[in-house]
Amino acid sequence: MTHSAENYLKTIYHLSQASPDGVSTNAIAAMLDTKASSVTDMIKKLAERDLILYQKYQGVVLTEGGKMAAKMIVRKHRLWEVFLVEILDFSWDEVHEIAEELEHIKSEKLIEKLSAFLNHPTLDPHGDPIPNSKGEIPTVEKKLLSEIEVGKDAVCVGVKDTSTAFLKYLNKNGIALGEDLKILSKEEFDGSMVLKVGNHEITISNKIANNLFVKKK
């Protein structure tokens with residue numbers, strides 16, 4: 001499979017989490033920043049390989065084979081992110097683009113040895129679950145920080161926004177996976193919050209609170 005085809009499969013897989021009944025070609029084009037005509041051409045190729053099903057006005061659905069192929073691409077991407085952070089000491093805001101390249105390595109033996117070397121991690125550096133070699137995905141208990149009540153303690157377990165700018169913002173404010181957070185107050189007007197993070201207090205916007213996944217303590 002070409003790198004482009006793999007990128008399409010992964011994109012359809014991610015979009016299908018929110019649209020399980022069918023992903024529109026416009027949504028695919030927007031996420032990949034490409035033309036609708038290019039999406040149509042690739043959809044035909046993927047359908048010929050029985051990786052997707054496409055019906056006009058209903059959108060694209062991955063076949064079982066397509067789901068498995070997409071999960072293995074996601075698996076490689078997230079394992080490489082773990083390797084880059086834990087072994088090569090990259091920060092979590094640096095690894096996504098590098099992993100985008102490494103995920104296209106074809107060797108299954110290499111990926112299984114990589115997983116074993118890392119002690120078979122179940123989460124990537126951003127808190128996203130890593131599919132195992134059978135395509136099984138671990139369940140992660142999480143809520144958005146914006147949903148947690150004032151006075152409650154929580155632990156940061158993931159991020160919804162993995163952009164470099166957002167991750168750098170979290171680094172600057174001492175928020176990382178496993179970090180304890182206490183919700184001290186919440187502004188009724190705009191949903192902004194005052195948090196205790198470690199030994200300091202910070203004020204965050206509702207946008208930040210809606211992009212942080214936490215687990216209640």
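This is a predicted model: local features need pLDDT of at least 70, side-chain atom pairs count only at pLDDT 80 or more; totals for chains, interfaces and linings use all residues.

Visitor: How many residues does the protein chain have, and what percentage of them is buried?
Guide: Buried here stands for under 20% relative accessible area. The protein chain has 217 residues, and the buried ones make up 42%.

Visitor: How far apart are the mean positions of the positive and negative charges?
Guide: The protein chain carries 28 positive and 32 negative charges.

Visitor: In the open sheet, which strands are the edge strands?
Guide: Six strands form the open sheet, with antiparallel pairing, in the order β3-β8-β4-β5-β6-β7. An edge strand here pairs on one side only. That holds for β3 (143–144) and β7 (200–204).

Visitor: Which helix packs on the sheet, and what angle does its direction make with that of β4?
Guide: The helix is α7, residues 164–172. It touches β4 (153–159), β7 and β8 (212–216). The angle between the directions of α7 and β4 is about 150 degrees.

Visitor: Which residues of β6 are on its covered face?
Guide: In a regular strand, side chains alternate between the two faces of the sheet. In β6, Val 194 and Lys 196 belong to the uncovered face. The covered face has Met 193, Leu 195 and Val 197.

Visitor: Which residue of β7 is the bridge partner of Val 194?
Guide: β6 runs antiparallel to β5, with five bridges between β5 (residues 180–186) and β6 (residues 193–197). On that side, Ser 185 stands opposite Val 194, and Lys 186 has Met 193 as its bridge partner. Five bridges also join β6 to β7, again antiparallel. In β7, the partner of Val 194 is Thr 203.

Visitor: Which glycine takes a positive phi in the hairpin of β6 and β7?
Guide: The hairpin of β5 and β6 has six residues between its strands, and Gly 191 in that turn has a positive phi of about 75 degrees. The hairpin of β6 and β7 has two residues between the strands. There the positive phi, near 65 degrees, belongs to Gly 198.

Notes: Residues are numbered from 1 along each chain as its sequence is written. Side-chain values use heavy atoms; hydrogens and water are left out. Two strands pair if DSSP finds at least two bridges between them. Helices (H or I, at least four residues) and strands (E, at least two) are DSSP runs, numbered from the N terminus. Contact means heavy atoms within 4.5 Å. Axes are lines fitted to C-alpha atoms, for helices over the stretch in contact, and angles run from 0 to 180 degrees between N-to-C directions. Buried means under 20% relative accessible area, exposed over 50%, partly exposed in between (1.4 Å probe, protein chains only). Lys and Arg count as positive and Asp and Glu as negative; His and the chain ends are not counted. The place of a charge is taken as NZ of Lys, CZ of Arg, CG of Asp or CD of Glu.
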